Amino acid sequence: MSTAATNIQFARSRAAPAPRRAPEECLNAVFAAALAAVDPLIVVPPFLPTPPLNGRTVVVGAGKAAARMAEAVEAHWDGELEGLVVTRYGHGSACRRIEVVEAGHPVPDEAGADAARRILDLVSGLGPGDLVLCLISGGGSSLLSMPRPGVTLAEKRAINRALLVNGVPIGEMNCVRRHLSAIKGGRLAEACGPARIVTLVLSDVPGDDPAVVASGPTIPDASTSADALAILERYGIDVPPAVRAALSAPSARPTAAPNVANRVVVVATAQHALEAAAAKARDLGLAPLILSNRIEGEARDVGAVHAAIARQVRDFGQPLSGPALLLSGGETTVSVRGKGRGGRNVEFLLALAAGLDGCAGIHALACDTDGIDGSEDNAGALLRPDTLARAKALGLDAGAHLEDNDAYSFFERLGDLIVTGPTRTNVNDFRAVLIEAGDRA
C-alpha cells in the first residue's frame, strides 16, 4: 500500500463506569462497554471531513456497520448529501438521504451485486471539487459482490462458500475476493476519478490493515491474481475453468493504482473495544489482562489455549491473581467437518469448557461484536463453572458436539446462548474469561 496515497489514522474511545456485579453480570457489562466503545454513532462523527464548497458529496459504503455509519453521517452533516450503502439483511438503519440496501452475507447474492453496480454508477463522472465519503466495515467483501469480467456471481458464491468451510484466514480469503472483484482492491477509488475521497473504516480484521477490511474497495494492495490462485490451490478449493482463466490471464493485473486524493481513517478497532472492556473490568474490581487483539487460528485450538491460561491464573496466580478478566479479540476460524450448527464463538466456548473440565470459579463469554455468530441467530454464549455438569445431566456429550461442529445446539439446550440481534457495529470476535479469587496450589 502506497503511503503517499493514504493517510491512515487511528481513533480511540472510552467506556463509562459501572457498579460491581456477579460474574455473569460482569461479563455482560464488559461486553456492553466494548460494544458502546465502537458504536458508529460515537466513533464516526469526529472524523467527518469538511464538506466541499461547491461540489457534490456522495456517500457510498459496504459492511455490517455501513447503515449505522450512514446514520451517523446524516445526523452530523452540514450540507447537501446523497448516496447508497449496502449492509447485511436485518442490519439496516433509518436514513433519509442515503439509501440503505440489504444484501446477502456471508455468501454474496444478486442484491449485493446490483448495489455494487449502482455504487460505481454513483461515483462515475465526479470532478475534483466533489467529495466521496466511503463508509467501510467488516462484511463488505460479501456484500459488495460485483464479479470481475469473465467470472459469474454463481462462481463467486461457490468459491466464497468453499473458503468459509475450509476455515481460510481472513487475509487470504480477502486476497481471493479482491481478485475476483470489479470493485474491490482499490477499484472503487479508481472509478471516483479526480474526486476527493475520504474512507472511514471500522476494522474487523486482525492487524487493522484497511486494505483487508471489506477487501479494500478504495485501497490498493500489492497482491496479484497469481497470489489468489495459489491460495485456492493450497486449500484444495475447486477452481472453475473460467475463474482459473481470469486469474491466469497475462492481462490479469494487480489491484488498482492509488488515488492520491484518498484519505483513510480507521475509526474503531478490536483494540478500542478491548480497552473499554478492560476499563469496565477495573471499575468492577477485576484485574484485566488483554491477551491480544489479533488472535487467529482454529476456534477450538484458541479455546484450549485460553483454558490453559485461565487455569494458570486460578491455580498459581500467574500471570496475574484473581479476581481477573482475560480479554482477547481477532478472528478465529472453523474448519467445518461435521453437520451441526454453530459459529466461531460458541465453538471456542465448547473447547474452552473441555479444557477447563469443570474447574471452579471460571466463567466466560464469547460473542461476535456484530451480534451474529456465523450464520445463526445468536451473538455467542456464556460458559459457567457447572456447564459440563449441567450438560451431562441433560445427556449432552460435549466432545461429540464439538466434533460435529454443533456448539450452537449444545448451548441452546443449556439456555446459555446470548442473543443480541444485530448490533450494527463490527470489530469481530470478543472473548472474556473471568477467574474468581480462590485457593491456589
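**Ground rules.** I am working with a predicted model, where local features need pLDDT of at least 70, side-chain atom pairs count only at pLDDT 80 or more, and totals for chains, interfaces and linings use all residues. Residues are numbered from 1 along each chain as its sequence is written, and side-chain values use heavy atoms, with hydrogens and water left out.

**The count.** I looked for salt bridges (a side-chain nitrogen of Lys or Arg within 4 Å of a carboxyl oxygen of Asp or Glu). I found 18 of them.

**Arginine 384 and glutamate 24.** In this salt bridge the closest N and O atoms are 2.3 Å apart. I noted that the pair links distant parts of the chain, 360 residues apart: glutamate 24 sits in helix 1 (residues 23-37), and arginine 384 in the loop between strand 11 (380-383) and helix 14 (387-393). Helices (H or I, at least four residues) and strands (E, at least two) are DSSP runs, numbered from the N terminus.

**Glutamate 331 and arginine 344.** I see these side chains meet in a salt bridge at 3.8 Å, N to O. Glutamate 331 is in the loop between strand 9 (324-330) and helix 13 (344-356) and arginine 344 is in helix 13, so the pair ties together parts 13 residues apart in sequence. Next I checked burial: buried means under 20% relative accessible area, exposed over 50%, and partly exposed in between (1.4 Å probe, protein chains only). Glutamate 331 is buried at 13%, and arginine 344 is buried at 16%.

Glutamate 24 is partly exposed, at 27% relative accessible area.
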